[in-house]
Amino acid sequence: ELLNDPNHRVRKVLQEEFPAGGEPFVWAFNLQVPSKENFSAVAYFVSMSSFPEGSLVDQFLKGDNNFRISRLKMIANIVKGPWIVKKAVGEQAICIIGRALSCKYSQGDNFIEVDIDIASSMVANAIVHLAFGYITTLTVDLAFLIESQTESELPERILGAFRFSELNPASARPIEMLSYGSLGMQSSLSMRLWKSIG
């Protein structure tokens, strides 16, 4: 729930850049990576245009969790990495995230954040543990989209995509979230974010 914090750096930048309102819409995907120390790899994507009423994106934003679980899709493409990781994952993996992993959706007027708990799946957890051992040698492309399930919903459009390459876990930095008191959570929540992604 990073974007629920009004002091979050992305929200502050948007308020500074758009002081008169009209802030763009932000999609945030928080991949929560289990390891000896828990990491989050967070990708932010910005949409400057509005979403047409009744469009697939509009349905996703207004829909319930069941709709979201059945539609949010991730495509992972291993561009570079050791054969053992490619063998475990496959060169390209496509999955409906909510069917494979536990997701939490946090939404505001101009954002939605999807917190994706990789540890919620034994298979995903095992693959990530394997890949994490080679993280400094991996190059992976990730794309997020909403799956079309009828002809009228086509074509599918990518919400956002990014590449991470040769990440160094030592570059991650802890952040303190201090604004959660009103949410009934701990007043201070610490996590580690990679500088190169988040």
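Mentor: Start with K62 and E53, whose side chains meet in a salt bridge at 3.0 Å, N to O; the term covers a side-chain nitrogen of Lys or Arg within 4 Å of a carboxyl oxygen of Asp or Glu. Keep in mind that this is a predicted model, where local features need pLDDT of at least 70, side-chain atom pairs count only at pLDDT 80 or more, and totals for chains, interfaces and linings use all residues. Numbering runs from 1 along each chain as its sequence is written, and side-chain values use heavy atoms, with hydrogens and water left out.

Both K62 and E53 are exposed (over 50% relative accessible area; buried is under 20%, partly exposed in between, with a 1.4 Å probe and protein chains only).

Now look at E156 and K73, with their closest N and O atoms 3.2 Å apart. E156 sits in the loop between strand 7 (139-146) and strand 8 (158-165) and K73 in strand 3 (residues 72-80), so this pair ties together parts 83 residues apart in sequence. (Strands are DSSP runs of E, at least two residues, numbered from the N terminus.) K73 is buried, at 11% relative accessible area, while E156 is partly exposed at 30%.

Strand 3 also holds K80, which pairs with E166 in the loop between strand 8 and strand 9 (172-177), 86 residues away. K80 is partly exposed at 39%, and E166 is partly exposed at 42%. Across the whole structure, the search finds eight salt bridges.

Notes. Helix = DSSP H or I, 4+ residues; strand = E, 2+ residues; numbered from the N terminus.
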